[in-house]
Amino acid sequence: MFGRILASGAVGAARSMSTAWWRHVEPAPKDPILGVTEAFLADPSPNKVNVGVGAYRDDNGKPVVLECVREAERRIAGNLNMEYLPMGGSVNMVEETLKLAYGENSDLLKDKRVAAVQALSGTGACRLFADFQKRFSPDSQIYIPVPTWANHHNIWRDAHVPQRTFHYYHPQSRGLDFASMMDDIKNAPNGSFFLLHACAHNPTGVDPSEEQWREISHQFKVKGHFAFFDMAYQGFASGDPERDAKSIRIFLEDGHLIGCAQSYAKNMGLYGQRVGCLSVVCEDEKQAVAVKSQLQQLARPMYSNPPVHGALIVSTILGDPDLKKLWLKEVKGMADRIIGMRTALRENLEKLGSPLSWEHVTKQIGMFCYSGMTPEQVDRLTQEYHIYMTRNGRISMAGVTTGNVGYLANAIHEVTKSG
Amino acid sequence: MRKKKRRQSAIGNRQSAIPIPSVLSLLPLPSSAVFFFFVLARATQLHSSQMASAIPSLSSATAFTSRRPLLDNLKQANVKLGTPNQSTLLGKDHIRAKSFTRKSMTSAVEVSRFGDITMAPPDPILGVSEAFRADTHEMKLNLGVGAYRTEDLHPYVLNVVKKAENLMLERGENKEYLPIEGLAAFNKVTAELLLGAQNDVIQQQKIATVQGLSGTGSLRLAAALIERYFPGSKVLISSPTWGNHKNIFNDARVPWSEYRYYDPRTVGLDFHGMISDIKAAPEGSFVLLHGCAHNPTGIDPTPEQWESIADVIQEKNHIPFFDVAYQGFASGSLDTDASSVRLFAARGMELLVAQSYSKNLGLYAERIGAINVVCSSSDIAQRVKSQLKRLARPMYSNPPIHGARIVANVVGNSDLFNEWKEEMELMAGRIKSVRKKLYDSLSAKDNSGKDWSFVLKQIGMFSFTGLNNAQSENMTNKWHVYMTKDGRISLAGLSSAKCEYLADAIIDSYHNVS
């Protein structure tokens, strides 16, 4: 350590000079996803299209604040104190959030078997779970699908949990590689921890069917695996939150004790508020109390207690039947617009006479479309057409509008028609 | 064969199974119990090597192979369980009596992976408020957590905050993700508030500022940066310090040690002890300093003492690491309260500074603060900022927007900024006046001749009363005055109406309980 400081040219203790402690710090690589938006913002072209980060846009390409959110904010503005939330966060918010994942009438909730805390959106929930896994199952690893949201790898790595991968995406069919996935599940050591996307897989948009979920759940039982669900898009995939939670419900019916990360970033448009929830299903109430206390113990040295504003918005909306109805309508509206854009993009590409199959554009679900384009093709899209997306070929359908879908289809056709 | 290798490498990556350090840091344990805990940890390590030798059988074993009752581990290690006293400390629930016969794989309810998990100890600070809420006594007084209260003992939302929120509502801004480093407008004003907009460091962009989750989150980012770029370097923290500091460095895996700070004989600063300990530490250590209004003691160095502290830090090539949670709240003046940090910056020193707006803007629950790293060049500052972002991304991706907007609006609008300064003077003024009233009551009621003037000399939200553990418990059990066991009271929770009652409680506890 001293050598490193000395080698970097640290000066002696002369009062007027400062030692450069940080000279050895390298610039970090740009975040592959958030870096795309930065580049987009810097581009002066009037034709530029941002289909990079997964943030919903309306048909004019504008960010959306849901009506139910605006109304909730009006109700809470200025009249509440800002005292610290308990370490576990807003009790109201957590209760409502658990109902969404586990079902309104879930026995697990009635029996208080679910340990849950408010978390910093999906990222914070995953990170809290990863730290929890490290502390209480220190010999375990995490099996992560290929591909997955890039930050998953960062999260479990920084939590010092070793990672393995399992097959998921089938490039040739642009669909699910179910056979290889099942093989990997069978071959993993008994009692392994698996990260599953509950719905609207990011980045591929490829979800198992209901029958496939049942098979996966059964195999998990045989192997005694632990299922950790990252559910960032409930409501956003099909338009129906109950339907989008089907995978989780199947596992719960089969008696699995799961973990679950939930986020309101997309389905309530609360991106910047960082609202989410981490839950862990336990054998009984006493265990749930103990587990919750340990989750809080992990959160305390990270941020003490979670931010209140977003949580208040969520509990205001979900706690009021009219606002909740409005929310469900608005979520369906967003999901429907995306489904409409999938259809439009596919039709445009087919009309252009593309030699490739674009069936996957409408088969895939949720915010993202895994186009199958190569990094080089993506680079061409950016350099020649000012279209911004991540280099894995992932298109955020939320950024597609009736205004730009033709331009987008044309550009994709141009860079893919020869290959 | 492949399976076996994978299993081994997983074990190779394994760390200590039981979170001993963080548990220990919270409990005041006698040394025999400390020993017991270490033995327990050792026993668990033995367990893992037994597992390693049992690998061939693992592939056919049923699930949950890593779970074993702790009692079994200890028996394997031939360790005595210790006296009844010690196992009581562990608690009956700690060791699950239930045997680990695995339920069959086809049964409806699985056995949990986390079945061995015990209840975490209540947080010593936040737990106090919970206990207070449960108390029904009419004279109860919450002097636990440091959240400001008005004379009527109500929480206080600053007027400027309400105005800023209304402005924000009117503008109808969107809720898109902030960049990882947070709101640019916030980062700009927070650095300027700390150092002064005209400061060279700001003018020459030699500062990396990243919005953080209040003070805690900002400290944690700094700790993670230290762990990654100065592996093995120690952080020196004051004895005592805010309880969560140790948790933060423990969880970030940064070693720490203490420097003397509080002198119980004078109920003041052990200045010579502090300087000696900082001098004795290995070169290139990080020294955690409270910028103003030391928590929990309320004891701050004088300007001359700050100069000496800076001298010894420079001599030893240490890095100053400021925790600034009360700027403006201590003296009532934002500039005065930043003078320690500015003194160091003026010497051209590189610094780490964590800031929080929980207290001074009353934004507790919004979790708004910042980590600043003052570097010797703007190029280095940019690189450091990029690495802070890389640490934040897998923690929470990007920080919450609401509090940042409030701060940016208040500080960025000169009317609101002036109004804020006035409100802050009012808050700090109220604290000073209850200190005076408490001191007067103590002096009037106590005939022992004890010098209570430390109440006036201490500054900020907290006071270290000098009461010990048992005496603090008496405050709670007999007088329903809730405070932390280290003798810390939060003046922010004291009304002038209750000063006399508090004086009675303190005098009784001090003289009649040992």
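B:Lys163 counts as partly exposed, at 42% relative accessibility; here buried means under 20% relative accessible area, exposed means over 50%, and partly exposed lies in between, with a 1.4 Å probe and protein chains only. The side chain of B:Lys163 meets that of B:Glu419 in a salt bridge, at 2.8 Å from N to O. B:Lys163 lies in helix 8 (residues 159-171) of chain B and B:Glu419 in helix 19 (residues 414-445) of chain B, so this pair ties together parts that are 256 residues apart in sequence. A salt bridge is defined as a side-chain nitrogen of Lys or Arg within 4 Å of a carboxyl oxygen of Asp or Glu. Side chains of opposite charge can pair when their charged atoms come close. Helices (H or I, at least four residues) and strands (E, at least two) are DSSP runs, numbered from the N terminus.

The model is predicted, so that local features need pLDDT of at least 70 and side-chain atom pairs count only at pLDDT 80 or more, while totals for chains, interfaces and linings use all residues. Residues are numbered from 1 along each chain as its sequence is written, chains are lettered from A and ligands numbered from 1 in the order in which they are written, and side-chain values use heavy atoms, with hydrogens and water left out.

A further salt bridge in chain B joins B:Lys188 and B:Glu192, whose closest N and O atoms are 3.1 Å apart. Both residues belong to helix 9 (residues 184-195) of chain B, where they stand four residues apart, about one turn of the helix. B:Lys188 is exposed, with a relative accessible area of 51%, whereas B:Glu192 is partly exposed, with 22%.

Over all chains, the structure holds 39 salt bridges. One of them is formed by the side chains of A:Arg337 and A:Asp59, at 3.4 Å from N to O. A:Arg337 is placed in helix 14 (residues 321-351) of chain A, and A:Asp59 in the loop between strand 1 (49-50) and helix 3 (67-76) of chain A, so the pair ties together parts that are 278 residues apart in sequence. A:Arg337 counts as buried, at 14% relative accessibility, while A:Asp59, at 30%, counts as partly exposed.

The view may now widen to chain A as a whole. Chain A has 17 helices and 13 strands. A compact globule of 419 residues would have a radius of gyration near 22 Å, and chain A agrees with this, at 23 Å; the radius is taken over C-alpha atoms, and the globule rule is 2.2 Å times the number of residues to the power 0.38. The C-alpha trace of chain A spans about 70 × 60 × 55 Å along its principal axes. Of the 419 residues, 64% count as buried. Contact means heavy atoms within 4.5 Å, and among the contacts in chain A with a separation of 6 or more, 74% are accounted for by residues 24 or more positions apart.

Chain B comes to 22 helices and 13 strands. Buried residues make up 60% of its 514 residues. Of the contacts in chain B between residues at least 6 apart in sequence, 75% join residues at least 24 apart. Chain B exposes about 20,200 Å², and carbon and sulfur atoms supply 52% of that area, as computed by the Shrake-Rupley method with a 1.4 Å probe; for residues, only the protein chains shown count as cover.

In helix 7 (residues 126-134) of chain B, the buried residues are B:Leu126, B:Gly127, B:Val128, B:Ser129 and B:Phe132. These buried residues pack against helix 12 (285-303) of chain A, together with strand 1 (141-142) and strand 12 (481-482) of chain B.

B:Leu225 lies in helix 11 (residues 214-229) of chain B and counts as buried, at 0% relative accessibility. B:Leu225 and B:Leu391 are 166 residues apart in sequence, and their C-alpha atoms are 7.5 Å apart in space. B:Gly172 is found in the loop between helix 8 and helix 9 of chain B and is partly exposed, with a relative accessible area of 24%. The C-alpha atoms of B:Gly172 and B:Cys499 are separated by 45 Å, the two residues being 327 residues apart along the chain.
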